[in-house]
Amino acid sequence: MRVILEAKARKKPFLPVEAESIIPRNFLKGTDITVYEGNKERRLEDLFWIFVEGTAVTPEKIEVVLKGDTSRVKRIGEYMDAGKMTIAGDVGMHCGNFMSGGEIEIFGNADAWLGREMRGGYILCHGNAGHYCASGYRGEKTGMRGGRVEVLGNAGDYCAEYLTGGEVHIHGSCGDMAGVEMKGGQFIIEGDATRPCGNMKDGTCMIFGTVHQMLPTFERTGIQELPDRKVKMTVYKGDIANRGKGVMMVKETVRPDE
Amino acid sequence: MTELLIKNACVFDPLNGIRGDIMDIAIRDGRIVDSVRDGSEVIDASGFLTLPGGIDSHSHVCGTKVNFGRYMSPEDMRAGRTARRGKMHVTSGYYVPTTYGNSYRYSTMGYTTVLEGAMAPLEARHTHEEFNATPHQDMLANTLFDGNWSIMEAVHAKDVKRAAAIVAWTLSSVRGFAIKLTNPGGTEAWGWGEDLTSIRDPVPNFNVTPAEIISTMISANELLHLPHSVHLHCNNLGKPGNYATTLETFGLVPDLNNNRQTLYATHVQFHAYGGSTWRDICSKADEITKSVNARPQIVMDMGQIMFGRTMTMTADGPMEFNLYCLHHNKWSNHDVELETGSGIIPVLYSKKSLVNCVMWAIGLELALLTKNPYQCLLATDNPNGAPFVKYPEIIGLLMSKRYRDEECSTLNNGFEQRTSISSLDREMDWNEIAIITRAGQARALGLAAEGKGHLAPGAEADLAIYPIRCDDVDPATEYRNVVEGFQKTRFTIKRGRVVARDGDVIVEGANATFWVNPTVPDEHNVANDPEFVKKFEEYYTVRMGNYPVQDVYLPRGRCIKTEADL
Amino acid sequence: MLIKDVVCPFCGCLCDDLDVEVENGRIIRGDNACTLGSKTMVGDDRLKAPIRRDGKRWTETTYDAAIEEAAQILLDADRPLLYGWSSTHGEAQTLGIHLAELIGGVVDNTSTVCHGPSILAIQEVGHPGCTLGQVKNRADLIIYWGCNPIDAHPRHMSRYTTYATGFFVKDAHRDRKVIVVDTRRNESADVATEFVQVEPGGDYAVLSALRAIVRGRGDVVPPSVSGVSREQLFRVAEMCKNAKFGAIFFGLGLTMTAGKNKNVRNAIELTDELNRHTKFIISPMRGHGNVYGTNEVFTWITGYPYAVDFSRGIAFYNPGETTAVDILRRGECDACLVVASDPAAHFPKACVEHLARIPVVQIDPHPNATTHICRLQIPGSVAGIDAAGTAYRMDGVPIRLKAVIETGVPNDTEILQKLYNRVREGKGE
């Protein structure tokens, strides 16, 4: 079953829409779904043109496609557990929060908090991701626990904050403090990073670009070769300030600047 | 003139010796009366269990450190959120709910009076503001004196009258209700990052011992004829082997009052540990209860822990720091100049932890081994042991051995050797439950005289009607019905108004704040003592004139005046 | 007439020892106040009546008409923002929150541009602090990090820290050491025992290095961190460990430079580490006189200290999403009520541009930068001058502000109560 939602033009296009009800499972019951625009309750058809192709009896067989200007539509895919969601353009904040299964593919850019507190499943963002990609929630000690987040573009600040499990793969560069408070999981940054892995407790972070403002409390422990990539990585242990036992590996040919 | 008649109530009113009589209760203008006119509004209680409104004698719900707990826990706030509905405001929080959250949940459970466990005099205004935002329970404040500099000076000078005069001035200035001592002397030592390890350890720089502070304050309390006794959180909370400190402390207490206890020892579960390390910790509930059973001058409350996440928050700063060193959770600390301290840290009580299982058992043992239910009251030191919404489960456990056995079978294997819980057959009855959740509190707090905790004509019309038919339910086997029944009243009535019905609060609240004003002769009034004033202005960072809590903070204050024997 | 023990409402110090001289219903002098306090108490330049923008002109209007119009603006909005609160009394703040709850709007306070990051850090790792009297009576080491008290909190040093005599610190000058950490040598550095100059944006790294040194792993620290020599880092760590009672006070140098809440978190974790060796506290230098009060009131009512969104009925909190600056910058609100603050003066340009596009109502007695972009301004009395009420000092101590003069001007609570009632009627309740 394919559900295509095309965003209608809105009178106040900058007001955020909260659409946590847009997950594949909810379309098993039809398209009578509620979304919110500011403090007003709206029906799905008020904000989207709806086209449904085929039927399904399980959420695994449902694909939801979003078209048009969805840059302000928040919480899409929240608590998603099965099925596929495709967003043709940009997507608003909190896409894929608490996701535990299924797949989300974003062709444009993702706003902040993509994949927050994810437990499973796969998110692929072709464009850039905003701040707090694959992070945790304020006050919690645990962030993303499982699943995979892959961003082909760049990510903003605090990417993979509190990463506890699962995998985060940024093909571009990260902003400030990527991997801060990390305590598990795998974090790969193909591009550059600034002040990565502050307060790291555990987990592994690999950076293939340039590290700017390397933090002073990481201890160099040696060199490791990665045969499948044919590169040598300088290996650091840290964050010593936090009694951390995490591993940060930085591609050797590009010296981290102080 | 508003009149209300409750018909067919199955009443347990221990203070008046009523045990399960089916009767009518007449209410006029907020008080119980003999009868009302025909045509008054009628509520049919349908034979349901009807008790005086619940009284919590030790709960942390209002004030600086409670708000610290909320503030630093957005992850708890999002765990329990309700939207605005009818007369009910938005609420948030599960183990540290917002003030409206607390008030509605207490009301749903039939509670109409709450004693805030700890209020620092310097920050009393904050507590009173939160009292006004907890609108469905009458509130009272335990006022902290454990690290009070001028008290310690009086103790050092062995001047009980002076101590009493300071207490009198402080309580009336900040509209407090009772003397609270938390880790006496220890909170001052914590001002330097230290703690005390026995009640005979001298407080650094002040050279008085906790034993001296406790004894002096007990005497001062009785000189002032305060409604409640000294309310004590013993030294060495939470440390393996601390039962010895507790017993030694109990040994200090004389019997000075005919109407009530001379010492209220709070959350004693945390103070009843044998062994010497976390590895060999065991229950000493038997020794503690032996001491209490022989001493009518002591009343305690359980301090029951329940499994799950919760927040610890007490004035016991050093203890909270120790928890931080053990678990590395986020830790807040707030020492209050010249007065006391506090610490806040979240905690998880786990069935997999042997220590936690022993702690859980101890609380229940204390209640079951204390012969006189008036001497061991139900409390969890909310939220330290568990959020108060867990009280119904505790009631279920106390009334049913089968429930206890079922719970024990899910716990860490090793714990049974460390406690005697499995061998205790006692099952409390409805009358005893009514005592440990309201009648006992009313007597211990001296509030029966104010019309709380009982239902004789003249009493305040605070009632809870629970959807339980005592003859139809066997609490020993049908404990789930008991738990459910105590979770949500059919009706909660406060001062003659129905405030909650089946879980919905239906009116705006208008609670009262009870406080004491012990009058002392002018020559003892410390406000007239130039030395006292000089020291105040020199060492505090607020002016003495700005310290007292103004009338405006108690829109419906109920002042209990007493005459001091100085 | 002399009124003693008056509370100055201007900054987070909330000095309550002012002696105020009142003559003919006006304050003519405030003794013991600093220059900021004096200007607050004595200076006066208020609107005499509510004003309404009429094209390019302003006309005076009545309180009732202004409140009526304000209520309509709020009722029509799909996402109203209620911002400010920090200079008014707690009673008004309470109403503001209930109003936001009623209309399903966003309510935020000035922490959003000041110590919001400190709050975020506290939510991550807690706050090991105390009341200011503990510092006055015990502290032998004071650290000012990223703030300039001589300029922004002029009496902080004399009332609570550097120059304040205490029970255990009889000779403040001799018995106390002061460390100032900043990117430039400010006026506070001139009175310090030790000045540490950090490169802009380098505080996080310096704090990490100090933590490592304090826990005995100074071996990993390089020769220089953000412009601070290893030698100085070790010296500062020693001073901290040898203190009997250390106190760190910090300001926007940490909260508003790269890293923000992570900078503050690192400073708190340094304090935690130091507590294993000696007694140490850390506390933020709150700016507005009653901003901490706003945080307290927000918290006990909603569960969250600022940035609360009621659009979905429940309280939702997410700084970065529900904060005024972010909402305005992204154009995500369609009406704004401003109370006791001046966002047009403090917010980024993009935010002010959006404010200029939407209907804005301001409750404030003073013509200010926000006046230029609002549609209606309603003057209330000033908490601490002609209105009494509760305020919370930077360390959490609640103090009652006095009404020193009577002006007959309605206070913020009265204005907001009328607005609340009118909005309720409008919603059919």
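In chain C, the axes of helix H3 (residues 90-103) and helix H17 (residues 412-426) come within 9 Å and cross at roughly 15 degrees. Axes here are lines fitted to C-alpha atoms, for helices over the stretch in contact, with angles running from 0 to 180 degrees between N-to-C directions. Helices (H or I, at least four residues) and strands (E, at least two) are DSSP runs, numbered from the N terminus. H3(C) and H17(C) are therefore roughly parallel to each other; angles under 35 degrees get that label, over 145 is roughly antiparallel, 65 to 115 roughly perpendicular, and the rest oblique. The crossing of H3(C) past H17(C) is left-handed, meaning that the near helix is turned anticlockwise from the far one by less than a right angle, while clockwise would be right-handed.

This is a predicted model, in which local features need pLDDT of at least 70 and side-chain atom pairs count only at pLDDT 80 or more, while totals for chains, interfaces and linings use all residues. Residues are numbered from 1 along each chain as its sequence is written, chains are lettered from A and ligands numbered from 1 in the order in which they are written, and side-chain values use heavy atoms, with hydrogens and water left out.

Back at the helix pair, H3(C) brings in residues including Leu95(C), Leu99(C) and Leu102(C), and among those they meet on the H17(C) side are Leu416(C), Tyr420(C) and Val423(C); contact means heavy atoms within 4.5 Å. By class, the contact of H3(C) with H17(C) has nine nonpolar, three polar and three charged residues. Ala, Val, Leu, Ile, Met, Phe, Trp, Tyr, Cys and Pro count as nonpolar, Asp, Glu, Lys and Arg as charged, and the others, Gly among them, as polar.

A second pair in chain C is H4 (residues 116-125) with H12 (residues 261-274), whose axes come within 8 Å and cross at roughly 50 degrees. That makes H4(C) and H12(C) oblique to each other, and H4(C) passes H12(C) in a right-handed crossing. Leu120(C), Ala121(C) and Glu124(C) are among the H4(C) residues involved, and the H12(C) side includes Val264(C), Arg265(C) and Ile268(C). Here the tally is seven nonpolar, two polar and five charged residues.

Overall, chain C has 17 helices and 22 strands, and 70% of its 429 residues count as buried (under 20% relative accessible area; exposed is over 50%, partly exposed in between, with a 1.4 Å probe and protein chains only). Its C-alpha atoms fill a box of roughly 70 × 50 × 35 Å along the principal axes.

In chain B, helix H1 (residues 64-71) is mostly covered, with eight of its eight residues buried; Lys65(B) and Arg70(B) are among them. Leu224(B), in the loop between helix H8 (210-223) and strand E10 (230-233), is buried too, at a relative accessible area of 0%. Leaving aside neighbours within four places in sequence, its contacts include Ala164(B), Pro518(B) and Thr562(B).

Most residues other than glycine have a negative phi, and most peptide bonds are trans. Asn236(B) has phi near 65 degrees and is buried at 8%, while His267(B) has phi near 35 degrees and is buried at 1%. Cis peptide bonds join Asn382(B) to Pro383(B), with omega about 0 degrees, and Gly238(A) to Asp239(A), with omega near 0 degrees.
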